[in-house]
Amino acid sequence: MLTLYIDFKSAASYLALEPTLELARETGISIDWRPFSVRPFSVPVEQDEETVGERHRRVRAAAQRDVHLHYAAVQGRNMHFADTPAGSDAALAALAVMEGDPVPFIRAAFTAYWSKQADLADEAVVETLLRSVGIDGPDWQKAKAEMASIRSKAEESGIFETPSYLIADQLFLGREHLPWIRSLIAAEQGD
């Protein structure tokens, strides 16, 4: 079992989705999808009199955005960074209590966020997405409580960003570790 923490407003999580699903298909490993809310990404607006630190943060964020856009193009994905990023907590809460295969909802939520700038903190928006993949809306109070519980346990495990992978008691941050994760899966499977 591979445990994967994601947030729909995380560009890195979005770009990790298909490579992770490909790894699961190739190895046969199951994925335990976990929600973990991270800070929304944005590129600071250039100020007339910004400090060196402010300029560094703006330039670094712009470079990070450009790298994400490059990889999105390589994957053939439409990706748009909104000037004011929307939230994702309602979609993450729905994922926290989802039964069955969550992948159709995960794909729909990522696409809605990164292509249409959908506000995934809005329960009505999330319920529409859920219906589009044949899933009923959750008990929101229960879903939010479960998401809070998952977050608390994740933070105890050292999770602070997404995508974070847990396998064989080892924690990996970022899809660039998928080859190493693949070798751990092979070792667990006795290959």
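User: Before anything else, what makes two strands count as a pair here?
Analyst: Two strands pair if DSSP finds at least two bridges between them. Keep in mind that this is a predicted model.

User: OK, so why are strand 3 and strand 4 called a pair?
Analyst: Four bridges join strand 3 to strand 4 (residues 170–173). The cut-off is at least two bridges, so they pair. The two strands run antiparallel, and in one of the bridges isoleucine 167 has glutamine 170 as its partner.

User: What sits between strand 3 and strand 4?
Analyst: Two residues, and the strands form a hairpin around that turn. Alanine 168 is in the turn, with a positive phi of about 50 degrees.

User: How do you know that strand 1 pairs with strand 3?
Analyst: Three bridges join strand 1 (residues 2–6) to strand 3 (residues 164–167). With at least two needed, that makes them a pair, because the count meets the cut-off. This pairing is antiparallel. Threonine 3 stands opposite leucine 166, and tyrosine 5 has serine 164 as its bridge partner.

User: Why are strand 2 and strand 4 called edge strands?
Analyst: The open sheet has four strands in the order 2-1-3-4, with mixed pairing. Strand 2 (31–35) and strand 4 each pair on one side only. Neighbouring strands of this sheet are turned by 20 degrees against each other on average, direction ignored.

User: What makes you say helix 1 lies across the sheet's strands, and which ones?
Analyst: Contact means heavy atoms within 4.5 Å. Helix 1 (residues 11–27) lies across strand 1, strand 2 and strand 3, and runs at about 165 degrees to strand 2.

Terms used:
Residues are numbered from 1 along each chain as its sequence is written. This is a predicted model: local features need pLDDT of at least 70, side-chain atom pairs count only at pLDDT 80 or more; totals for chains, interfaces and linings use all residues. Side-chain values use heavy atoms; hydrogens and water are left out. Axes are lines fitted to C-alpha atoms, for helices over the stretch in contact, and angles run from 0 to 180 degrees between N-to-C directions.
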